[in-house]
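Visitor: I have not looked at this structure before, and I would like to learn how to read its features one by one. Could you show it to me and then take my questions in turn?

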Amino acid sequence: MDKEQVRTIGLDQLPEERWAIVAGVTVPTLASDHVLVLRLLELGFVPGERVQVVREARPGRDPVAVRLGHTTFALRRHEAAFIQVTPSV
């Protein structure tokens with residue numbers, strides 16, 4: 001991998017207590033998910049924002065508690081997968 005390439009992953013793949021930077025939000029293929037993605041953007045999941053997975057539910061890891069700024073959200077893994085992040089080093 002080239003040093004200038006930035007590796008992004010879905011927020012649903014970020015380990016607990018790890019910080020990341022939002023790289024973008026994936027455009028959904030299903031029309032039913034368009035409203036969901038718009039809501040995520042309205043909540044502040046926009047490029048450049050710091051985000052952290054605080055906890056995952058046990059068992060099953062769904063939902064995940066996510067910190068964005070001073071607010072904590074509970075997102076289903078399906079929702080978190082739309083948010084692309086760059087893990088902090």
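What follows is a conversation about the sheet, a helix, an aromatic pair and some backbone angles.

Guide: This is a predicted model, in which local features need pLDDT of at least 70 and side-chain atom pairs count only at pLDDT 80 or more, while totals for chains, interfaces and linings use all residues. Residues are numbered from 1 along each chain as its sequence is written, and side-chain values use heavy atoms, with hydrogens and water left out.

Visitor: In what order do the six strands form the open sheet?

Guide: Strands of a sheet pair through backbone hydrogen bonds, either parallel or antiparallel. Helices (H or I, at least four residues) and strands (E, at least two) are DSSP runs numbered from the N terminus, and two strands pair if DSSP finds at least two bridges between them. Here the order is 1-6-2-3-4-5, with antiparallel pairing. Strand 1 (9-10) and strand 5 stand at the edges with a single partner strand each, so one side of each is left without a neighbour in the sheet.

Visitor: How many bridges join strand 3 to strand 4?

Guide: Five bridges join these two antiparallel strands, strand 4 being residues 64-68, and one of the partners can be named: Val51 has Leu68 of strand 4 as its bridge partner. Leu68 also stands opposite Thr71 in strand 5, and five bridges join strand 4 to strand 5, again antiparallel. Strand 2 (residues 19-25) is joined to strand 3 by three bridges and runs antiparallel to it, with Arg50 in strand 3 as the bridge partner of Ile21.

Visitor: Is strand 3 mostly covered or mostly open?

Guide: The term buried means under 20% relative accessible area, exposed means over 50%, and partly exposed lies in between (1.4 Å probe, protein chains only). Strand 3 (residues 50-56) is mostly covered, as five of its seven residues are buried. Glu56 is found in this strand, and with a relative accessible area of 12% Glu56 is buried.

Visitor: Which side chain does the side chain of Glu56 meet in a polar contact?

Guide: A polar contact is a pair of N or O atoms within 3.5 Å; within protein, one must be able to donate a hydrogen and the other to accept it, and residues adjacent in sequence count only if both atoms are side-chain atoms. The side chain of Glu56 makes such a contact with the side chain of Arg58, at 3.4 Å. If contact is taken as heavy atoms within 4.5 Å, and residues up to four places away in sequence are not counted, Glu56 touches Leu14, Glu16, Arg61, Pro63, Val64 and Arg77.

Visitor: Which residues of helix 1 are buried?

Guide: They are Leu36, Val37 and Leu40. Seen down the axis of helix 1, these buried residues fall within an arc of 95 degrees, so they line one face of the helix; the arc is that of the directions from the helix axis to the C-beta atoms. The face turned away from the buried side carries the exposed residues Val35 and Glu42, whereas the cover over the buried residues includes strand 2, strand 5, helix 2 (77-80) and strand 6 (83-87).

Visitor: How should I read the aromatic pair?

Guide: A pair of aromatic rings is described by the distance of the centres and the angle of the planes. Rings of Phe, Tyr and Trp (its six-membered ring) pair if their centres lie within 6.5 Å, and planes under 30 degrees apart count as stacked, over 60 as edge-to-face and the rest as tilted. By this rule the count is one aromatic pair. Phe45 and Phe73 have ring centres 5.7 Å apart and planes at 55 degrees, so the pair is tilted.

Visitor: Where do the backbone angles deserve a look?

Guide: Most residues other than glycine have a negative phi, and most peptide bonds are trans. Glu17, however, has a positive phi near 65 degrees, and the peptide bond from Arg58 to Pro59 is cis, with omega near -15 degrees. Pro59 lies in the loop between strand 3 and strand 4, and Glu17 is found in the loop between strand 1 and strand 2.
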